[in-house]
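Here is a short report on one model. Look through the sequence and the structure, then read on.

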Amino acid sequence: LEANGHVAELDLAVVESLFTYMHANPGFCATMSRVGVNLSGASLSSDSFRNRLSELLRDCPVPYDMLCFELTETAVVSRFEPAMKLFMDLRALGCQMALDDFGSGVQNFERLRQMPVDIIKIDGQFVRHASERGSDYISCARRWRWPRRTGW
């Protein structure tokens with residue numbers, strides 16, 4: 001789908017299916033505190049994707065703050081301006097934002113500070129063996145220390 005330029009259609013189909021299911025099963029929604037929705041990087045550059053997502057969100061079956069949209073670090077780095085626009089639009093509604101696979105790309109902490117993300121999901125290669133290997137634990141502790149920010 002990505003090679004043929006149709007991945008944005010898949011992202012929209014996932015959101016549509018999720019909302020349809022949630023409307024049909026309100027009891028299911030009552031058991032959740034957050035719903036994660038992964039978006040592909042290619043969707044970020046599509047105005048039609050953002051417009052259709054906006055339409056879908058008008059009929060969102062749960063409070064916006066229950067939705068957490070996830071984008072990979074690589075997608076955000078390669079499409080920073082459209083990613084920031086989408087982040088800001090979704091945050092303005094009250095949706096949460098997650099940066100997935102942090103550390104797998106070339107992201108730096110200064111760029112991270114510019115992003116309105118609620119959740120940072122660290123790439124598994126950095127934490128997979130932290131409890132088993134002292135050097136991995138030390139590396140994680142050094143690498144992931146940053147100043148505290150209010151609101152996190």
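## Terms and basis

A residue is buried under 20% relative accessible area, exposed over 50%, and partly exposed in between, using a 1.4 Å probe and protein chains only. This is a predicted model, where local features need pLDDT of at least 70, side-chain atom pairs count only at pLDDT 80 or more, and totals for chains, interfaces and linings use all residues. Residues are numbered from 1 along each chain as its sequence is written, and side-chain values use heavy atoms, with hydrogens and water left out.

## A serine in a loop

S46 lies in the loop between α3 (41–44) and α4 (47–58). Helices are DSSP runs of H or I of at least four residues, and strands are runs of E of at least two, numbered from the N terminus. S46 is buried, at 17% relative accessible area. Its side chain makes a polar contact with the side chain of S48, at 3.0 Å. Such a contact is a pair of N or O atoms within 3.5 Å; within protein, one must be able to donate a hydrogen and the other to accept it, and residues adjacent in sequence count only if both atoms are side-chain atoms.

## The sheet

Four strands form an open sheet in the order β1-β2-β3-β4, with parallel pairing. β1 (35–38) and β4 (119–122) stand at the edges with a single partner strand each, so one side of each has no neighbour in the sheet. Strands pair if DSSP finds at least two bridges between them.

Four bridges join β1 to β2. V35 has L67 in β2 as its bridge partner. Five bridges join β2 (residues 67–72) to β3 (residues 96–102). Here F69 stands opposite M97, and T72 has D100 as its bridge partner. Five of the six residues of β2 are buried, so β2 is largely enclosed by the rest of the structure.
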